[in-house]
Amino acid sequence: KTPNGYAGLEIENYTVFNWGKDYLDFKNTKETYNRQKQILKEKRRALRFEIIANYFSLIKAKKIARAMRTQLRQSSFVYRLAKEKYSLKKIKIQHYFQAKSEYLRAHKEYQNSLYYVAQTEKNLAKTIGDDLETSYTPREELKFKTLTNLPGTSYKFAMDKSPEFLNAKTNLNNANRSFQKALKENMPLPKFDVKFGALRHNFSSAGAYDSYETDTGTKNVELVASINMKWKIFGSGGLFNSNVDRKAYLKKRISEIEYREAKRDVKVKVNSIHRQIRFLEKRYEASAALVKAIRKTFDKTLDNYISGKTSFPDMKLTLELMTSAAVDFEQSKFDHLISKLKLATLMGVDDFPGERFEGLVLK
């Protein structure tokens with residue numbers, strides 16, 4: 001009925017020196033941990049970029065729907081005009097059916113644009129955690145801003161912070177240390193240990209007492225050198241663990257190749273995205289000029305059509321050009337933004353110098 005046991009502090013064998021094998025494991029664990037912290041920041045950045053992309057995608061969808069609604073309104077006017085002229089026998093039935101078909105086509109495209117708006121609203125709601133049935137009415141539009149970064153600057157940032165490059169660098173460093181450890185594991189190197197023993201407070205029916213021992217019956221603290229080797233003669237490990245060493249070496253070589261390829265791949269991607277951005281900037285300029293010109297052309301063409309000076313095919317072609325120009329204008333701005341987000345991700349930065357993505361709005 002008397003409690004029996006002990007409480008104390010015990011330090012088992014403490015490795016004083018084992019040729020750095022434990023330290024190599026520690027360095028690998030530390031580097032992997034630091035990389036995981038960086039990956040967490042990269043995921044936060046990716047989420048932010050996704051929200052920005054989805055928000056401006058919704059703005060683009062609303063603008064396109066507005067252009068489709070304008071097309072529908074103009075087509076409806078032409079259809080009603082054709083219907084009235086046909087009732088007065090001023091146009092042929094073919095002309096009337098052409099106007100009706102154009103109106104129905106515009107109606108279908110408008111409904112398609114509304115469906116696209118609903119999809120982009122769902123994507124945005126999912127990203128920010130809103131109810132999926134939420135509808136948004138953004139009051140801003142995307143502001144176009146040319147890229148000021150030079151390819152050399154982007155490449156310099158990417159070599160420091162690119163997720164792809166950092167992954168390859170971490171894998172290379174860990175593979176190098178793992179190979180060094182594999183070589184040391186396969187050598188008859190002594191291991192130096194110290195056993196500090198245990199300080200205990202014992203209690204039993206005989207009473208309570210304190211004790212300190214390193215081994216049974218002794219209090220001596222000793223430094224012990226030991227050599228423990230395990231070599232496989234046959235089996236998966238190969239002759240004298242040769243397969244283990246070879247596997248570690250091949251992992252190291254693969255990591256070196258992947259590291260070089262990551263550097264080359266990052267440089268190629270940086271240059272490719274920069275070329276794409278420059279193309280999109282020229283496309284935007286052309287789209288903006290076309291939007292201004294085609295509106296004046298359509299107004300003049302519509303006046304001529306009402307007065308009977310222009311044929312229906314000419315008016316239809318001008319209306320389609322005006323609609324496609326408005327759509328391409330919004331798409332070029334959005335594609336330019338997406339390319340800049342891709343470049344920022346590749347560079348490992350949240351924003352470009354002197355520019356914030358949240359500031360790319362016109363109210």
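I began with the surface, where L9, I11, Y14, F196 and L199 form a nonpolar patch with about 510 Å² of accessible area together. Such patches take residues with over 30% relative accessible area and no salt bridge, joining nonpolar side chains (Val, Leu, Ile, Met, Phe, Trp, Tyr) within 5 Å and like charges within 9 Å. A salt bridge is a side-chain nitrogen of Lys or Arg within 4 Å of a carboxyl oxygen of Asp or Glu, and accessible areas follow the Shrake-Rupley method with a 1.4 Å probe, only the protein chains shown counting as cover for residues.

I noted that the model is predicted, so that local features need pLDDT of at least 70 and side-chain atom pairs pLDDT 80 or more, while totals for chains, interfaces and linings use all residues. Residues are numbered from 1 along each chain as its sequence is written, and side-chain values use heavy atoms, without hydrogens and water.

I then looked up the strands behind the patch: β1 (5–17) and β3 (191–204) each supply at least two of its residues. The largest share, three residues, comes from β1, while L199 lies in β3. Helices (H or I, at least four residues) and strands (E, at least two) are DSSP runs, numbered from the N terminus.

Next I turned to L343, found in helix α6 (residues 312–347). Is L343 buried or exposed? L343 counts as buried because its relative accessibility is 0%; buried means under 20%, exposed over 50%, and partly exposed in between. Beyond its neighbours within four places in sequence, L343 is in contact (heavy atoms within 4.5 Å) with L147, S154, I273, H274, I277 and F352.

Conventions:
Buried means under 20% relative accessible area, exposed over 50%, partly exposed in between (1.4 Å probe, protein chains only).
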